[in-house]
Amino acid sequence: MKVKDCMCDEVCCATPNSTVQECATMMCNKHIGCVPVCDNTQNVVGLITDRDIILRCVACNKDPKSTPISEIMTCNPCCCTPEVEVTEAEKLMSENQVKRIPVVENNKIVGILTLGDLAANAQVDDNGVDNTLNNICKCNGKNAE
């Protein structure tokens, strides 16, 4: 199965100059936990998650109304293409310990693939999803607490 068969293709993006507050509001309104950060040509330059907002903004006492997400986003996230096999995407997630991967085609964002998308798809092998989750949760060979 290909990534295009189970990715979400309705992607909300932010720009590096968007504020943390704007991004958090978008996440709340769309019921999503991450947002790709794209430049003006739709190239992915980063990824911001709800966890990034908590750990890199709130916990660091930054003002969400004035802090640009470029200050707290993960830069150069691993990405895949829509034509990649799901097993390859799971491998990317495992190796990079991430639950979400932007999907790009011709250097433009076309979707996002999450661990939840894989788990919800009946055609995706449950063992692959389980192994991916286990690999994501390991830190230095030990299970994360």
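Helices here are DSSP runs of H or I with at least four residues, strands are runs of E with at least two, and both are numbered from the N terminus. With that settled, let's start.

This is a predicted model, so to speak of local features we need pLDDT of at least 70, side-chain atom pairs count only at pLDDT 80 or more, and totals for chains, interfaces and linings use all residues. Residues are numbered from 1 along each chain as its sequence is written, and side-chain values use heavy atoms, with hydrogens and water left out.

First, the overall layout. The protein has five helices and seven strands. Starting at the N terminus, the order is α-β-β-α-β-α-β-β-α-α-β-β. There are 145 residues, and 37% of them are buried. Buried means under 20% relative accessible area, exposed means over 50%, and partly exposed is in between, with a 1.4 Å probe and protein chains only. Next, contacts, meaning heavy atoms within 4.5 Å. Take those between residues at least 6 apart in sequence: 58% of them join residues at least 24 apart.

Now the inside. A nonpolar core is a set of buried Ala, Val, Leu, Ile, Met, Phe, Trp, Tyr and Cys residues joined through side-chain atoms within 4.5 Å. The largest one holds 13 residues. Which of them have the most contacts inside it? They are V3, M93, V103, L113 and L118. Two or more residues each come from α3 (86-96), β4 (100-105) and α4 (115-120). Helix α3 gives the largest share, three residues. Another core lies apart from this one, with 12 residues, including A14, C23, M27 and C57.

Look at V3 for a moment. Set aside its neighbours within four places in sequence. V3 then touches C80, T81, P82, V84, E85, V86, A89, V103 and L113.

On to helix α1, residues 20-30. Its buried residues are V20, C23 and M27. They sit on the same side of α1, because they cover an arc of only 70° around the axis. That arc is taken from the directions from the helix axis to the C-beta atoms. What covers these buried residues? Among the cover are β1 (34-38), β2 (44-49) and α2 (50-58). On the face turned away from the buried side, we find the exposed residues C28 and N29.

Most residues other than glycine have a negative phi. H31 is not a glycine, yet its phi is positive, about 60°. Where is H31 placed? In the loop between α1 and β1. H31 counts as exposed because its relative accessibility is 72%.

There is a second case, N107. This residue is not a glycine either, and its phi is positive at about 65°. N107 is in the loop between β4 and β5. At 57% relative accessibility, N107 counts as exposed.

Last stop, the second largest pocket. On a 1 Å grid over the protein atoms alone, a pocket is an open set of points with protein on both sides within 12 Å along at least five of seven lines, and lining residues have an atom within 4 Å of a point. The space in this pocket is about 210 Å³. The lining includes C8, E10, C12, K30, P36 and R100. Strands β1 and β5 (108-114) each give two or more residues to that lining.

That's the tour.

Technical notes:
1 Å grid on protein atoms, 1.4 Å probe; cavity = no way out; pocket = protein on both sides within 12 Å on 5 of 7 lines; lining within 4 Å. Points joined across faces, edges and corners; volume = space filled by probe spheres on them.
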